[in-house]
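Have the sequence and the model at hand as you read.

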Amino acid sequence: MSGNPAATASAGSLAEAPVPVAAGERGLSVSQAMSKVMEKGKTAFIPYITAGDPDLATSAAALRLLDALGADVVELGMPFSDASADGVVIKASAARALAAGATADAIMAMLKEVTPQLSCPVVIFSYFSPIAQRGMASFAAAVKEAGVKGLIVPDLPYAETSAFRDEAIKNELELVLLTTPSTPSERMKEITEASGGFIYLVSVDGVTGARPTVNPRVESLLKEIKQVTDKAVAVGFGISTPDHVKQIAEWGADGVIIGSAMVKQLGEATSPEEGLKRLEVYARSLKDVLP
């Protein structure tokens with residue numbers, strides 16, 4: 001699948017032209033998008049890219065491309081210099097984006113132009129420090145104005161969760177919360193109750209980055225979470241191959257999140273055009289194995 005040379009031919013055209021959106025598709029919330037996939041008995045494809053790597057024009061093209069390829073939700077990472085949850089690939093990507101001038105305001109301006117052209121909702125992945133510096137209310141309002149539908153804050157302090165969730169709800173944003181293999185059972189139940197959009201199951205303790213195999217504990221963790229909620233559960237961190245994606249779908253995940261390996265396609269390319277072609281081939285190879 002990924003070796004299909006024909007697949008690369010359309011990357012430029014898909015990325016450049018606004019993608020036609022089916023009537024009634026625009027404006028889906030994250031939970032609506034996930035429910036739609038679950039109703040069909042399918043598994044959501046949730047790619048992650050870093051905003052501004054290699055530049056914002058390429059990020060805009062990549063968002064349109066991933067949407068055209070059938071992404072159900074797209075995660076867009078806000079570049080941050082002290083990314084505690086991220087491994088080397090996403091840290092390097094964030095450094096390139098910051099060096100190229102990807103400020104929060106520039107990213108929001110790009111999103112404001114692009115989100116009306118997309119059929120899938122965009123979720124911002126941001127660390128808490130830039131949100132706290134700007135002010136939670138101001139950040140949530142700016143994100144809403146940019147057409148974003150959800151937020152993921154991996155290092156959101158427990159004490160701030162309730163207040164930030166209130167700001168998100170005020171701005172019609174769904175705050176997706178994370179649970180990990182080491183999250184105590186009672187805390188996991190609280191997270192599933194409070195999480196909006198979907199529940200983000202981190203497959204491993206540690207940082208993002210491709211790994212050779214998927215943690216086998218994910219299967220039992222999925223069962224445990226699904227005993228206490230009927231909300232969608234998506235699995236992320238360390239997922240990079242079609243076999244990983246297939247395995248997680250077979251274990252009953254409602255969505256699969258692919259980050260570092262997706263970011264690598266754009267980041268290791270010799271030009272933005274080559275990066276978009278690589279991104280298309282790679283995204284197709286994963287999307288094709290999902291039920």
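What volume does the largest pocket have? It comes to about 360 Å³. This is a predicted model, in which local features need pLDDT of at least 70, side-chain atom pairs count only at pLDDT 80 or more, and totals for chains, interfaces and linings use all residues. Residues are numbered from 1 along each chain as its sequence is written, and side-chain values use heavy atoms, without hydrogens and water.

A pocket here is an open set of points on a 1 Å grid over the protein atoms alone, with protein on both sides within 12 Å along at least five of seven lines; a cavity is a set where a 1.4 Å probe fits but cannot get out; lining residues have an atom within 4 Å of a point. Points are joined across faces, edges and corners, and a volume is the space filled by probe spheres set on them.

| Space | Volume |
|---|---|
| Largest pocket | about 360 Å³ |
| Second largest pocket | about 310 Å³ |
| Second largest cavity | about 50 Å³ |

Of the 24 residues lining the largest pocket, Leu156, Leu177, Leu178, Arg187 and Ile191 are the closest to its centre. Helix H9 (158–170) is among the elements that supply at least two lining residues there, and H9 gives the most, with 5 residues.

The second largest pocket is lined by 17 residues, with Lys36, Val37, Gly70, Ala71 and Asp72 closest to its centre. Helix H3 (residues 30–39) brings the largest share of that lining, 3 residues. Helices (H or I, at least four residues) are DSSP runs, numbered from the N terminus.

The structure also holds 2 cavities of 30 Å³ or more. Residues lining the second largest cavity include Tyr48, Phe80 and Tyr127.
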